[in-house]
Each structure stands twice: as C-alpha cells, then as structure tokens.
Amino acid sequence: MTDKALRLGTRRSRLAMAQSGQVADAVSQVTGRPVELVEITTYGDVSREHLSQIGGTGVFVTALRDALVRGEVDFAVHSLKDLPTTQPEDLVLAAVPVREDPRDVIVARDALKFTDLPRGARIGTGSPRRMAQLNAYARAHGLDIETVPIRGNVDTRIRYVHDGELDAVVLAAAGLSRIGRIDEVTDFLSIDTVLPAPGQGALAIECVASDAHLIAALGELDDPNTRIAVTAERSLLAALEAGCSAPVGALADLLADGQIVNEMRLRGVVGTTDGTRMVQLSTTGPVPETHDGAMALGRELAAEMLAQGAAGLMGERAQ
C-alpha cells in the first residue's frame, strides 16, 4: 500500500508545473513513494481580467484547495505569495521549503538596466505593488516611466518586450529561475528600490489537517528560517487588511553574525500606484522563536504603518 502514488495538485502554468515537479522529486525522496502531478485549472488562470478586479486574493488557490478537501489530490503546491493570509481550519501548511531569491527583476529591450531605460519607457506589470514602488523610485530619481498593466504567463509577458510593445517587464526572480530563464534578466532590482510581495520566492506545500502521516513526511522539506520570515511578512499583510493584489511589499531578512543568525529585519511598504505617496518602515529585533512571535512582529510594524496613514494608500480594501 505504501508505494501507491501520491497525487500532487498543481496549476497548469509552465511555472507552476516546474515548481511542482521540483517538489514532487523532493517528496518522492523523503517518502519513497512516486508522486504524480494532477493539473487543475484555477479561476486566476482562465480569467483575462486584472487581479485587482477579480479579487486578487485566492484566485489561484481556491480550486486547488477544493480538490484537497474533496480528496482528489493528497497535497498541493502554491506560490506562497498567492495564498490568502487566513488559513482554512481543515488544511495545513505542512512545509515551506527554502526560499529562492525574493527580488523582482527587469527584462528589458537591448539588455538595459532599469535606470538606463529611455525617457517615457513603458514598463509592464500586473502588480499594483510594483507600479507603486517603480513610480516612486522614478519620481525620486528624475526618471520618466509609464507603468502599463499586463496579465499573462512569463512567456507572454517577455514577448511584449521582444515584440516591441513594451520597453521592459517586471517579473519575480524566483519564477524565472525555476523555469530556467534567469539568464534573460537584464537587471535585478535592489530590495531598496522595490520590496517584494510578502512570501515572494517561497513555496507552500499544503495538505489536509487530518493526515498526520503525510504532514510529518512533508515536514521534512520545511525550512524553519524561511517559514518564520514569511510568517512575519504575511502577518503584516493581514494586519493591513490587504489582499495579495494590494500595493503592499514586505520582506523579512535574517541577519547573521558570522554563521549565527541572531536578528531579523522586517521591512514593509505601501503606496499609491502612481508613487506619489508611500509609507515605508522597518523594524529589527531578535529572530522570533515561535509562530506567534513572528505574527506579533508583523502586526507591530503594520500598526506603525497604519499610524502613518497606510490605510488610505491601498485603494480597495480586501473584504
């Protein structure tokens, strides 16, 4: 019975399939069981509307979670930044593996860096968070750019540049790395220029809360440092009452003294998409030792941001 294949629920996109394939290999290693991918189409995959219009939060996740609850798959792999901040009681995040590079990157024509783009350069992104920060940076540094809302998978977005419709597109480094296209990046955006989405670069492996045996097996892939960092980031997002389509960036860095990780710095930003108003704060302290400690850190920084007017910058509040 133990060699029966485990069913991994995944979105159909090339990136999701690549991520899930890597997780499948790792799960096979720790369980000794084959893993088969079960492709599931989500609403976010078929809708051509912009994420902010279709609700943003959960549009890539709900169909996978429904399949888990119905027993059609044994576990699912998500991009952590797509997960709503409230966790369903009947499901559990069994593992958050080691995070990839969390930064955003530019793929631009003529191998240009962001700061070398011509005046009036058209930069494509589907993310209000990226728009807000790119426009704020441009405003502060005398750059003249136009951010253009786009949808579509990685191939579609990069094609806009190759076809000359856009001068550049902004993508996540982790996604390009996972599909073997990191060499197409023309500029890695500094964290000081653009803070990533909460959880960006990390994956979430989810299964039903009642399957203790599978939870224990998947737990072998968990990276405690990544989990504590993304927990703080997502707590900040939740405390701002913002969905994953809101213009919120957050990153928790683990700071090491030599080989010993002894502090965590949490940074958060929220701004209007035109970049005219931004609230950006950070806090540094001991690495939280518990889930509750990481949650508290995120809530505290969010409270400071709200006190500085963050709520008024987010446009549509998540319902």
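A residue is termed buried when its relative accessible area is under 20%, exposed when over 50%, and partly exposed in between (1.4 Å probe, protein chains only). By that criterion, 51% of the 319 residues of the protein chain are buried.

The structure is a predicted model, in which local features need pLDDT of at least 70, side-chain atom pairs count only at pLDDT 80 or more, and totals for chains, interfaces and linings use all residues. Residues are numbered from 1 along each chain as its sequence is written, and side-chain values use heavy atoms, with hydrogens and water left out.

The protein chain contains 9 helices and 13 strands (DSSP runs, numbered from the N terminus: helices are H or I with at least four residues, strands are E with at least two).

| Property of the protein chain | Value |
|---|---|
| Span of the C-alpha trace along its principal axes | about 65 × 45 × 45 Å |

One residue illustrates the local packing. Asn135 is found in helix H4, which covers residues 128-140, and counts as buried at 12% relative accessibility. A polar atom of the Asn135 side chain lies 2.8 Å from the backbone oxygen of Thr273. Leaving aside residues up to four places away in sequence, Asn135 touches Ile145, Thr147, Thr273, Asp274 and Gly275.

Definitions and conventions. Polar contact = N/O pair within 3.5 Å; in protein donor to acceptor, adjacent residues only side chain to side chain. Contact = heavy atoms within 4.5 Å.
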